[in-house]
Amino acid sequence: MEEEQYQVEIPSYFLCPISMQLMKDPVTISTGITYDRESIEKWLFSCKNTTCPVTKQPLSAAAGDLTPTPTPNHTLRRLIQSWCTLNALERIPTPKQSVEKSHILNLLNEAKNSPTSQRQLRCLQRLRSIARSNQSTKLHMQAAGAPAFLLSVVGKRYSDDDGALRGEALSALQEMELSDSDLKSFFSHNDGSIIIDALIQLLRNGDPQNRGGAMALLKSAFAVADPVDLIGSRPEIFTETVRALRDGISARTAVKLLVELCPWGRNRVKAAKAGAVAALVELLLEETERRGCELALTALDQLCGCAEGRAELVGHGAGLAVVSKKILRVSAVASDRGVRIIGSISRYSANSRVLEEMGELGVVRKLCLVLQIEGMREKTKERVREILRLHARVWKGRNCSCIPPHLISYYPS
């Protein structure tokens, strides 16, 4: 809960020293300081700190444990709950008990040493169930090394009969919030290529659920990857991403992955050769939601930064038409991306056939309308003026019928 929600002053000892918000699940560490569980466990497990945030003193851990374990402060929690009730505020619910790290470690050891795939599958199913419980348990799973084990299962080669193990591990990873270091391990020189290979294989041959999970993991990994890993993206990633996009498998995630990859190196060319332009155009023909249109137009804008992408767009029967249609119909961002795409075509791919088609499809009319709209970004309008000036001889000099009389005055001189 945010402090601003309360009309009464919150006692200072009810506030977490890290987040300065009302504690929902107060826990005490070995230095005697009490924190909200989510904040202190993020400090200890995700950030891998071993000191008290307030006193900076090192924290002691229980025997046999590598990381400190906070102790629930039930008395303070009851006081906070009573205070909320007395002040007519929403009562803080009693938190669900999180699964201890020791139990997760035992489960991981059992999964690693299971003599049969059936027993290992049951362990993985239990891990996935645990990952769903609460944020505290997810942090305990990270501290116990569950992400590394689950990734090793995803990357392991299985027979067709044991493919369920990989799918179950993938589902468990989806339930967790992997850290940046876990995601960057996808690109390590040792096991990273094996994991990427396995995810590509799942995209190629997996069922819809596993294909969606593999797509989500790849997108998250490339979002934190180093430039050298982005530049060296494999062509198969683009091939399978486009195929998933055509099949309607996590379409928005697939577009986000293209947006992450296309600005780097020759990735635009790889994506264009994989058929990304046609897939995005077909997506735009059916997409009605604002965010989906903006993402697809952003990806098309990036792809039009290469000759192959522009050729695919002008060669598609609905390419220019659907881009023009989205201008002024979706949002300011979508209009700006649409104008950028038209600008790329106008500057680098505008032969006589393309210019004539732009006139017949109403692209020129739409550009003149952009100049007429108040509140449109001035940068977008300036791009439109550049496009119209560039081809004024064709579109205006011939008194082309593509410009209605009431819009001719808006055509820049």
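## Cysteines

Cysteine 52 is buried, with a relative accessible area of 0%; buried here means under 20% relative accessible area, exposed over 50% and partly exposed in between, using a 1.4 Å probe and protein chains only. Cysteine 16 is buried as well, also at 0%. This is a predicted model, so local features need pLDDT of at least 70 and side-chain atom pairs count only at pLDDT 80 or more, while totals for chains, interfaces and linings use all residues. Residues are numbered from 1 along each chain as its sequence is written, and side-chain values use heavy atoms, with hydrogens and water left out.

How many disulfides are there? The count is zero, where a disulfide is a pair of cysteine sulfur atoms within 2.5 Å.

## The largest pocket

The largest pocket comes out at about 520 Å³. Of its 24 lining residues, Asp25, Arg37, Pro95, Lys96 and Asn134 are the closest to the centre. As for the rules, everything runs on a 1 Å grid over the protein atoms alone: a cavity is a set of points where a 1.4 Å probe fits but cannot get out, a pocket is an open set with protein on both sides within 12 Å along at least five of seven lines, and lining residues have an atom within 4 Å of a point. Grid points are joined across faces, edges and corners, and the volume is the space filled by probe spheres set on the points.

Helices H1 (37–46), H2 (74–86) and H5 (135–143) are the elements that each give two or more residues to the lining, and H5 has the largest share, with four. Helices (H or I, at least four residues) and strands (E, at least two) are DSSP runs, numbered from the N terminus. By class, the lining splits into six nonpolar, nine polar and nine charged residues.

## A covered helix

Helix H15 (residues 276–286) is mostly covered, with eight of its eleven residues buried. Among them are Ala276, Val277, Leu280 and Leu284. The buried residues of H15 pack against several helices, including H12 (235–247), H13 (251–261) and H16 (290–303); contact means heavy atoms within 4.5 Å.

## Polar residues in and out

Serine 331 sits in the loop between H18 and helix H19 (332–348) and is buried at 17% relative accessible area. Not counting residues up to four places away in sequence, serine 331 touches Arg290 and Glu294. Its side chain has a polar contact of 2.5 Å with that of glutamate 294; a polar contact is a pair of N or O atoms within 3.5 Å, where within protein one must be able to donate a hydrogen and the other to accept it, and residues adjacent in sequence count only if both atoms are side-chain atoms.

Asparagine 210, in helix H10 (residues 208–223), is buried too, at 12%. Lysine 379 in helix H22 (residues 378–390) is exposed, at 53%.

## Positive phi

Methionine 20 has a phi near 55 degrees, a positive value in a residue other than glycine. Methionine 20 lies in the segment before strand E1 (26–28). Serine 250, in the loop between H12 and H13, has a positive phi of about 45 degrees and is partly exposed at 30%.

Notes: Ala, Val, Leu, Ile, Met, Phe, Trp, Tyr, Cys and Pro count as nonpolar, Asp, Glu, Lys and Arg as charged, and the others, Gly among them, as polar.
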